[in-house]
Amino acid sequence: MIDTLFIILSLMIIFFATLVVTLPNILHCALALMASLFGSAGLYILLNAEMTALAQVAVYIGGVVIFIIFAIFLTTRMGEKTTPSSLPKIGWGLVLSSFAFAGFYGFYAKYLNSVSTTGYSTAEDGSMSAVGKILLNTGSEGLIIPFEIVSVLLLMTVIGAVVIARAETKALNCDSESQENI
Amino acid sequence: MLTFVTPDMLLPILALLVLSIDLFIESKNKTAILFDTAAAGVLLIIVLLFNLPHDQEFYYLTNYKVDGLRLLFKEIFAISLFFTILLGKGYARKNGNWRGILKYDSEFIALLIFCAFGMFCVVSAQELITLFIGLELATIPMYFLTAYYKKDQSSLEGAMKYIIMGSLTSALVLLGYSFWYGAVGCLRYEAILSFVQTNPDNPMFLAGAIFVFAAVCFKLAMVPFHMWAPDVYQAAPTPVTAFLSVASKSTAIAFVITLLYGPLAPIRHVFTYPLGILACITMTVGNLGAMRQYELRRFMAYSSIAQAGYIMLALVGNGKMAVPSIIYYLFIYLATNFCLFFIISVIGQKRPEEFASLRGLAKQSPALAGILVLCLFSLAGIPPLAGFTGKFMLFASAAEGGFYGLVIFAALNSTVSLYYYLLLIKEAYINKPEEDLESLEITFTQSFSIAILTLAVVILGLIPWFSSIITKIVG
Amino acid sequence: MEIDINKYPTTNAIGDYVRQLMGVEHKLLATVIDYSMAALGLVIFVSITALFLVYAERKVCAHFQARLGPMRVGYHGILQALADGVKLFFKEGLRPKDSDAVVFYLAPMIPMMATFLILSILPFDHHLQVTDLDGGILFVIAISGFSTFGLLTAGWASNNKYSMIGSMRAAAQMISYEISVALSLLLVVLLSGETSLMKIVYSQQGTVADWWIFKAPVAGFLGAVVFTISSIAETNRGPFDMAEAESELTAGFHTEYSGITFSMFFLAEFMAMFIASALVATCFLGGFLAPQFGVDALDSLLILVPGFVWFLIKAYAVIFVFMWIRWTFPRLRVDQLMAFEWKFLLPVALLNLVFGAVLVAMGWIL
């Protein structure tokens, strides 16, 4: 049962991920990306990580992909096609990716037993309250330091993004030559 | 015991202070106020850092370590932050640079300070998540800062390249971490260390290490991942370039050292040969690339690629001298590079920062030309300057491990590098300018910084106790 | 590893019957039947609610404007919505020639999907809930982000400048106001210490004073107000209906839609309003719990009324407020809309969250 679900979800992820890089219309790529991310949210559910799955949907689908679509709206026209890859390029890509696949497959097939079985695995470990307790724990298992640093990171990103994206109004200009720039 | 992390905590507070000064204070010379406040604050942090006991270990909230090695790295970051702010001050005034005025001063300073805070986190981290977030915090501000000349197409292009390369790096780091987590089942250094001690040849873990070190090579601009560096160095405003070439590079080195001499210590020998080969290729490519440049910042990029090669060479030796020699060299590299960038900033006020702009410098300002020669000789490693001592220690550390072939190769490379450093000196002393030159203006900040840095370049190599102190702390 | 089906209990009679009939090993089948029944129930509920809401909107609007509204079809026009619905179903579905066919037909389904997903975790009564997610609040936030897709892609696929502008506006607005929605929901999480919607309802047991709107002094009320305002904006209703703005954009993102595809947008919009008010009822007004006033005679009477009736009464009371606001205030300009969120509502929501944290920390909850 769980294997069937896993295979279905994996196939879904792979199928849509392939569409992301092959579809000619870039908006369709973004939608396929969304579907692919939904698939990975499903994988998290299979792993009992409900919190991660929901965060995946909220952050990636409700945030990242929406902004990707915004960027597409602002930069392209409808019906504009991406430049299709030339045949030799596709060939090279196929060769390289099959090498990578063979490498990873061989690696995992041979060394699967070197994966640790400790760590977080039960449903309780992935629940919201457990995650919250780990994030705010000051003990050795706690992640309060990265949790706090992330807030600095976000603040910094907002400041930087505002600086880069801000339109230069006249009031801000000190020299006359930069006034034509908006 | 909170004093151990006071400098770290003061950094974000200082950034917020600068931002709020910009918000609330109305003044004609606000730019100067902002830069001076920031510089004073960073100076305070530097003093605090130097006053902390370097021979103790302290854990803040069990996962944030402060000890001698980490303090030394933090001092490097703080000092480079200090000089970057001073360097930036010159760019924020009118006629400060031919590319235009650097706007949004408070944000500029705040981003730099946040960046330094990220670097602090990288060295102090005791688990991989803090390490990763610190690394991001040290990198993301650089994307913004690289694009700070918004009017300049090349600036935006460089930032774009940097952000793509940087994202790839982050993805690689995370992929590596996921392998490590898969192998160990925990993200803390202690758990990783005990895991590596019991299974030193776990294939899953080694596969993860490959990814993480590929990412470090990106950060350090090691060959074959060095392509972004020249473009980004050229695109960024010069203070940012200086910060990139010193602090960012030191962060990547700190990243490697804290891992190799922390959780990965039992399998350090695995990395000897890959690092050695990479270091050799990197210094060669850096040196060959630098020969064909005519743009000063691009030139500095290739020069710093080569320097990264020399620094990585010390890690190959895998001996007691490795870490002290690297830190010693980083201090010297800091002084020399910043001195050079200050000279570039003086030259770049009215002319583009190119080799040709150096022409006539010896006549116009003999002192500046002399300092330029000192710095370049120091970078090339000519005795008795600091650069020589530093490079000597790096090579000695490699020799300690018995890699004499590598040392000879590096020494040859160092000789090659003398050629292109001399090219600059030739421009300054021999080549005649084509037209009459406008006079150079040097502000007080610039002359003050150049004086201090020159003193450091000369003296650091001559005083023997400096290196022995570092060895005592770290060794 | 096996999925723990018991974690998601089957609660309807048919499912239980199948389980008894076919033995324990057919839990899976029982679950499938269960959820199919639930989905069918939701479809019926959505259709009826939408009809009722359309009628209510028209009547409320009319009376606010001193008109009578629909009067002809049935008693006081009560069958008007049904007639409209039938009309919509028989209308021809048109598609502009140069539109993007796949996305054009995909777009209306996305808001509908989002609607059903959120309905599936709403607690209508003690046992009347499809599933009680542990992270219900996070689920609500996640799905409301997802529903933005429908509007965005609809505008793009229509290949019409008005649609495009409308969808850009809608998306920008929804993303912005989602922040205050999330912050005011977080306030409830903070106060109750629970993230599942059912547990949040149970955390308000007791008298009326135990509802979060009253229990946390000022913070609860402010949270409810911020949530109401921002969810009006998030559902693109007046006075925040920039995305449609008939007079500027000729209906915005659904200009090019007609017939069944249009009705799906229409339905999703009304259901979004219902969900928003249901969330206000659940998080701030005690959900399906009967109001108790501490007067024994009255309380024992009130408690006789089934929970889902209370739930619907509360939800419709909030919906009436929504309509009241819509037909009272003039439409905002785009810049005013953004300024209102980023410069007023968001700081208020943030400060309110901090204030709520102080209340919890000091134990000042009534």
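Where is the place of Pro384(B)? Pro384(B) sits in the loop between α15 (366–380) and α16 of chain B.

First, some ground rules. This is a predicted model, in which local features need pLDDT of at least 70, side-chain atom pairs count only at pLDDT 80 or more, and totals for chains, interfaces and linings use all residues. Residues are numbered from 1 along each chain as its sequence is written, while chains are lettered from A and ligands numbered from 1 in the order in which they are written.

Chain B, then. Chain B has 19 helices and two strands; helices (H or I, at least four residues) and strands (E, at least two) are DSSP runs, numbered from the N terminus. Its radius of gyration is 21 Å, close to the 23 Å of the globule rule for 475 residues, so chain B is as compact as a globular protein of that length. That radius is taken over C-alpha atoms, and the rule is 2.2 Å times the number of residues to the power 0.38. The C-alpha trace of chain B spans about 70 × 55 × 45 Å along its principal axes. Of the 475 residues in chain B, 60% are buried. A residue is buried if 20 or more other C-beta atoms lie within 10 Å of its own, exposed if 12 or fewer, and partly exposed in between, with C-beta atoms placed from the backbone.

The peptide bond joining Pro383(B) and Pro384(B) is cis, with omega about 5°. Another cis bond runs from Val223(B) to Pro224(B), with omega near 5°, and Pro224(B) is in the loop between α8 and α9 (228–235) of chain B. In general, most peptide bonds are trans, and most residues other than glycine have a negative phi.

On phi, Thr62(B) has a positive value near 55°. Thr62(B) is in the loop between β1 (58–60) and β2 (64–66) of chain B and is partly exposed, with 18 other C-beta atoms within 10 Å. Asn95(B) also has a positive phi, near 60°. It lies in the loop between α3 (68–91) and α4 of chain B, and counts as exposed because it has 12 C-beta neighbours inside 10 Å.

Next, a helix pair. The axes of α16 (residues 386–400) and α17 (residues 404–429) of chain B come within 8 Å and cross at roughly 155°. That makes α16(B) roughly antiparallel to α17(B), a term for angles over 145 degrees. Axes are lines fitted to C-alpha atoms, for helices over the stretch in contact, and angles run from 0 to 180 degrees between N-to-C directions. Among the residues that meet are Phe395(B) in α16(B) and Leu406(B) in α17(B).

Finally, the chains together. Two residues are in contact if their C-beta atoms, placed from the backbone, lie within 7 Å. Of the two pairs of chains in contact, chains A and B share the most contacts. That contact takes 38 residues from chain B and 29 residues from chain A. On the side of chain B that touches chain A, α5(B) gives the most, with nine residues.

Which chain has no contact with chain B? That is chain C; the closest C-alpha atoms of chains B and C lie 16 Å apart.

Methods: Angles under 35 degrees count as roughly parallel, over 145 as roughly antiparallel, 65 to 115 as roughly perpendicular and the rest as oblique.
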